[in-house]
Amino acid sequence: MDTQQFDPAAIDAAARALEAGQLVAFPTETVYGLGADAENPAAVAAIYAAKGRPQDHPVIVHLAPEAPLDYWACDIPPQAHALADAFWPGPLTMILKRAPNIPDAVSGGQDTVGLRCPAHPVALALLRAFKGGKGGVAAPSANKFGHVSPTLAEHVRDEFGADGSVAMVLDGGPSQVGIESTIVDLSRLESHGPVLLRPGQISAEAIAAVIDQLPAAPDAAAPRASGTLESHYAPHTPVAMQEHATLLDSLAALHGAGRKVALIHMSDMPATHAALRLPAAPDGFAYALYAALRAMDGQGADVILVEAPPQGGDWLGVNDRLRRAAHGSTGIVHGLLNAQAKV
Ligand code: TXA
Ligand code: MG
């Protein structure tokens, strides 16, 4: 697996690799993506195999700014054009009805397609070089299924370096947004209105300001989104999220029991086994979150404790990712303390 700094020759080589059906990891402003030619079902299948991802999970198709939406989607509502004008290139994915010519491999057999134009110079150069700017690059986040998304080229190498499944990693530095794109479903506007499938930096309110309708929370019939599985974005070390005061109590008890705590926090905290302090603002916290989870995962701690951020609107995306990272670790702090007591 080659890692290439941003230069025209590397972009060109990456575009040719994609055209030849190979997998190329590339930077976006949200997280790094694991890309394949969206119109080549075998290449898309290789993404699923590399990630260990179930076949029925749809992937987002990334487009150059000039790519015509109506090649990829049909029955496109005016709201989609308005949102593309307002937010593309940028961290917004729209779910639209899939055009009949687009293979269903990218949509996990659903009759919709997820489209996004990323705001990253390397991604845009790649999308413009690939098939003369007319293609689409299917790309989920470049991590193994269920694991923390990568925000550095190095993270991608950590995920796939050993297995030879990825032909090239384009290095575009740290992803500036740090959490995945907002996903809004516009495929069932008449019956359900717009639906927010995944929160991200672009808020429901920002979307409402463009289309005069606030996206609703997902209903039971909403299109399936794998990033919305309860357990996702998880490090190997168990994660618990706690409010400031509870966290202080837990720290004291865990230290007393001889447990190693890795801490991700925003306010003053006592010294512990390992700790990272993140900015106490949603954009700064999101930017640093995944790298922090990876770093704390590597500390040999018994648990990663995260100081719960505020619940307000702009913190929605961060809280969503943290809740999923912590899912499955319910009761971990008590478990560690009780296990210690029995020794
Ligand atoms: O920021 C992002 O969106 C990043 C970068 C690489 O662009 N990509 C990303 O992809 O997060 P992934 O596969 O990890 O998450 C894509 C989400 C999944 O939850 C998937 O189920 C949903 O988008 N999705 C894609 N196409 C869909 C469709 N047709 N219907 C419903 N959900 C869809
Ligand atoms: Mg993902």
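Predicted model: local features only at pLDDT ≥ 70, side-chain atom pairs only at ≥ 80, totals over all residues.
Trainee: Which residue ranges does the domain assignment give to domain 1 and domain 2?
Mentor: The ranges come from the domain assignment of the protein. Domain 2 covers 239-339. Domain 1 covers 8-211.

Trainee: How far apart do the C-alpha centres of the two domains lie?
Mentor: Take domain 1 and domain 2 as assigned, 8-211 and 239-339. The distance between their C-alpha centres is 30 Å.

Trainee: How many residues of domain 1 are in contact with domain 2?
Mentor: Contact here means heavy atoms within 4.5 Å. On the side of domain 2, 13 residues take part. On the side of domain 1, the count is 22.

Trainee: Which three residues supply 37% of the area that domain 1 buries against domain 2?
Mentor: The two domains bury about 1,400 Å² between them. Of that area, 57% is on carbon and sulfur atoms. On the domain 1 side, three residues give more than any other three: Val 148, Ile 179 and Pro 199.

Trainee: How many residue pairs are in polar contact between domain 1 and domain 2?
Mentor: Salt bridges between the domains have their own count, which is 2. For polar contact, both residues must have pLDDT 80 or more. The count of such pairs is 6.

Trainee: Which elements give two or more residues to the side of domain 1 that touches domain 2?
Mentor: There is one helix and one strand to name. The helix spans 153-160 and the strand spans 195-198. They are helix H6 and strand S11.

Trainee: By class, how many residues on that side of domain 1 are nonpolar, polar and charged?
Mentor: This is the side of domain 1 that touches domain 2. Split by class, its residues number 8 nonpolar, 11 polar and 3 charged.

Trainee: How close do the N and O atoms of Arg 294 and Glu 159 come?
Mentor: Side chains of opposite charge can pair when their charged atoms come close. Arg 294 and Glu 159 form a salt bridge. Their closest N and O atoms are apart by 2.8 Å.

Trainee: Is Arg 321 buried or exposed?
Mentor: Arg 321 sits in helix H11, residues 316-326. Beyond its sequence neighbours, Arg 321 touches residues including Ile 179, Arg 198 and Tyr 290. Its relative accessibility is 1%, and under 20% counts as buried. So Arg 321 is buried.

Trainee: Why are Arg 324 and Asp 320 separated by about one helical turn?
Mentor: Arg 324 and Asp 320 form a salt bridge, with closest N and O atoms 2.6 Å apart. Both residues are buried. They are about one helical turn apart because both lie in helix H11, at a spacing of 4 residues.

Trainee: Which residues are joined into one network by salt bridges that share partners?
Mentor: Arg 324 and Asp 320 are one bridged pair. Both belong to the network. Its members are Glu 180, Asp 320, Arg 321, Arg 323 and Arg 324.

Trainee: Is Asp 12 buried or partly exposed?
Mentor: Asp 12 forms a salt bridge with Arg 16, the closest N and O atoms being 2.5 Å apart. Arg 16 has 36% relative accessibility and counts as partly exposed. For Asp 12 the value is 39%, so Asp 12 is partly exposed.

Trainee: Is Asp 185 buried or exposed?
Mentor: Asp 185 forms a salt bridge with Arg 188, at 3.1 Å between the closest N and O atoms. Arg 188 counts as buried at 13% relative accessibility. Asp 185 has a relative accessible area of 1%, so Asp 185 is buried.

Trainee: Which residue's side chain does the side chain of Thr 30 join in a polar contact?
Mentor: Thr 30 lies in the loop between strand S2 and strand S3. With a relative accessible area of 4%, Thr 30 is buried. Its side chain makes a polar contact of 2.8 Å with that of Thr 28.

Trainee: Which helix holds Leu 247?
Mentor: Leu 247 is buried, at 0% relative accessibility. Among its contacts are Leu 263, Met 269 and Leu 305. The helix spans residues 244-256 and is H9.

Note on methods: Residues numbered from 1 in each chain as written. Chains lettered and ligands numbered in written order. Heavy atoms only, no water. Domains from an automatic or database assignment. Buried area = accessible area lost by both parts, 1.4 Å probe. Salt bridge = Lys/Arg side-chain N within 4 Å of Asp/Glu carboxyl O. Polar contact = N/O pair within 3.5 Å; in protein donor to acceptor, adjacent residues only side chain to side chain. Nonpolar A, V, L, I, M, F, W, Y, C, P; charged D, E, K, R; others polar. Buried < 20%, exposed > 50% of the residue type's maximum accessible area, 1.4 Å probe, protein only. Lists of a residue's contacts leave out its neighbours within four places in sequence.
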